[in-house]
Amino acid sequence: MQPIYILLLIAGYFCVLLAIAYFTGKNDSNEIFFRANKKSPWYVVAFGMIGASLSGVTFISVPGWVQSSQFSYIQIVIGYLFGYFVIAYILIPIYYNLKVTSIYEFLKLRFGTVTHKTGAFFFFISRILGASFRLFLVASVLQYFIFDAWNIPFEVTVIFSILLIWIYTSKGGIKTIVWTDTLQTLFMLIAVFTTIFIIINKLNWSVADVFASAEFEKYSKIIFTDNFNDKKHLLKSFFGGMFIAIAMTGLDQDMMQKNLTCKNIKESQWNVISLGFVLILINFVFLTLGALLFIYAEKFGIAVPTVDGTIKTDLLYPKIALNGDLGITIGVVFVLGLIAAAYSSADSALTSLTTSFCIDFLDIENKEQSKQKAIRKKTHIAISILLVIVIVIFKYVLEENIISSLLQVASYTYGPILGLFAFGIFTKINIKDNYVWVVAAVSVIATYFINAYSETLLNNGYVFGYELLIVNGIITFLGLLLFKKTNS
């Protein structure tokens with residue numbers, strides 16, 4: 001596809017989003033922006049959360065991961081499902097019963113102001129990095145296939161991407177996000193199924209032929225139990241996935257803010273549980289797409305793209321879709337699927353970061369009523385600028401596959417949040433609130449060194465996978481015991 005056609009397609013897509021934003025953002029109030037008046041239908045939220053959970057990282061990076069990790073990601077996703085049950089029946093009732101806007105208000109009510117701000121701070125760092133990972137991926141694709149042809153700098157591409165998100169989220173906030181996510185999930189799923197159909201036809205295969213072929217078998221191993229030291233081992237992946245889901249969904253303001261717009265606890269629980277089952281199927285489809293992409297590339301002599309001498313499997317899907325000989329249809333659905341998958345995650349991240357900063361740090365609800373909207377709007381702009389800065393930095397520091405990098409970072413930044421909430425929910429111990437930030441900081445540092453030197457410290461060259469998040473949470477939990485209050 002010619003760059004100008006891709007750009008026109010993106011422009012048309014955003015016109016649709018702006019139309020949705022116009023109707024959902026007519027009442028430009030903080031109540032609408034933060035809570036959507038708690039009137040969102042659960043099935044709409046659930047469908048939209050598919051796109052938010054998957055994002056542009058899944059859309060491009062999971063298929064690209066197949067070459068090195070095969071279908072081992074399914075082990076993690078099965079762990080997600082069990083994590084969603086914990087979210088539905090432990091965390092959601094707490095949030096609804098406390099009537100919180102930011103879920104980190106629980107920490108304030110349970111421990112105090114410092115703990116509250118510590119939890120919110122780690123969410124803020126986590127979501128800034130997570131949203132930046134996702135937007136970096138999209139901006140890289142736009143740069144590689146559109147803006148490089150016009151010699152437009154990467155920094156301009158990033159500013160352009162963030163500006164589009166800011167425009168359609170600035171008024172309606174979470175109410176707009178609930179409905180735009182639904183549209184974006186639909187486009188993403190249409191894209192992946194259409195791509196699979198087109199590639200299968202090009203290979204002259206049927207669906208049955210795909211799963212029976214020796215080429216597919218080479219990529220499709222799911223269960224890894226041979227070497228416990230391997231990052232891909234079943235137990236490490238399953239429990240890592242379970243706690244990633246608890247932390248990155250249940251203890252994440254971004255994901256929970258959508259859930260808290262449902263009418264009641266029961267509908268919110270239905271939303272989360274249904275999401276867990278659907279994600280297993282959808283991720284299997286994405287991994288199947290990844291296997292087909294590598295099979296197609298090998299058969300037709302298509303090289304995996306390189307950037308600055310580094311092989312980028314993340315770019316194989318866009319290369320085949322946009323520069324291959326599969327026709328205009330696959331190019332169109334790919335562009336729509338990419339921007340839908342990416343922005344369904346990034347737009348809600350911008351909204352949730354604005355919400356968390358306003359509630360948890362600026363205490364907006366206790367400010368003068370006449371100033372609250374202005375505070376929200378200024379915060380929305382400031383966080384948009386921060387995202388631009390972080391994404392540009394990523395261009396110079398990221399080397400690994402994006403999905404792998406994202407989950408690794410989550411192990412460090414979500415660990416203290418996991419430990420704080422676990423301590424608050426499962427114990428009745430009161431702690432010295434002023435020292436909680438020290439515990440959280442030490443936990444991250446200790447986790448880093450444990451991971452860096454695990455092959456030396458532990459027997460048989462043990463290498464941590466995504467269970468590192470659990471280790472981080474346990475260190476935080478144990479550290480809090482050192483600062484428990486004694487009865488006087």
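I393 is placed in helix α16, which covers residues 369-397. The model is predicted. I393 counts as partly exposed because its relative accessibility is 46%. I393 also contributes to a nonpolar surface patch, together with I381, I385, I389, Y396 and V397. The area of this patch is about 590 Å².

A salt bridge joins E368 and K371, with 3.8 Å from N to O. E368 is partly exposed, at a relative accessible area of 48%. K371 is partly exposed too, at 46% relative accessibility.

## Aromatic pairs

The whole structure contains 28 aromatic pairs. One of them is F71 with F284. Their ring centres are 5.6 Å apart and their planes meet at 85°, so this pair is edge-to-face. F71 sits in the loop between α3 (42-69) and α4 (73-98), while F284 belongs to helix α13 (residues 265-299). The pair therefore ties together parts that lie 213 residues apart in sequence. F71 is buried, with 0% relative accessibility. F284 is partly exposed, at 26%.

Y448 and F449 make another edge-to-face pair, because their planes stand at 80°. Their ring centres are 5.4 Å apart. Y448 is partly exposed at 47% relative accessibility, and F449 is partly exposed at 42%.

F71 and F284 also belong to an aromatic cluster, which they form with F211 and F216.

## Lysines over rings

Two lysines deserve a look here. K221 places its charged end over the ring of F224, 4.6 Å from the ring centre. K236 lies over the face of F228, with 5.7 Å to the ring centre.

How many salt bridges does the structure hold? There are five. One of them pairs D252 with R127, with the closest N and O atoms 2.7 Å apart. This bridge links distant parts of the chain, 125 residues apart. D252 is in the loop between α11 (234-250) and α12 (253-259), and R127 is in helix α6 (residues 113-145). Are these two residues buried or exposed? Both D252 and R127 are buried.

K218 and E298 form another bridge, their closest N and O atoms being 3.2 Å apart. This pair also connects distant parts of the chain, 80 residues apart. K218 lies in the loop between α10 (214-217) and α11, whereas E298 lies in helix α13. K218 is partly exposed, with a relative accessible area of 47%. E298 is exposed, because its relative accessible area is 56% and the cut-off for exposed is over 50%.

Definitions and conventions
Residues numbered from 1 in each chain as written. Predicted model: local features only at pLDDT ≥ 70, side-chain atom pairs only at ≥ 80, totals over all residues. Heavy atoms only, no water. Patch = residues over 30% accessible without salt bridge, like charges linked within 9 Å, V, L, I, M, F, W, Y side chains within 5 Å. Areas by Shrake-Rupley, 256 points an atom, 1.4 Å probe, with all protein chains shown as cover. Salt bridge = Lys/Arg side-chain N within 4 Å of Asp/Glu carboxyl O. Helix = DSSP H or I, 4+ residues; strand = E, 2+ residues; numbered from the N terminus. Buried < 20%, exposed > 50% of the residue type's maximum accessible area, 1.4 Å probe, protein only. Phe/Tyr/Trp six-rings, centres within 6.5 Å; stacked < 30°, edge-to-face > 60°. Lys NZ or Arg CZ within 6 Å of the ring centre and 35° of its normal.
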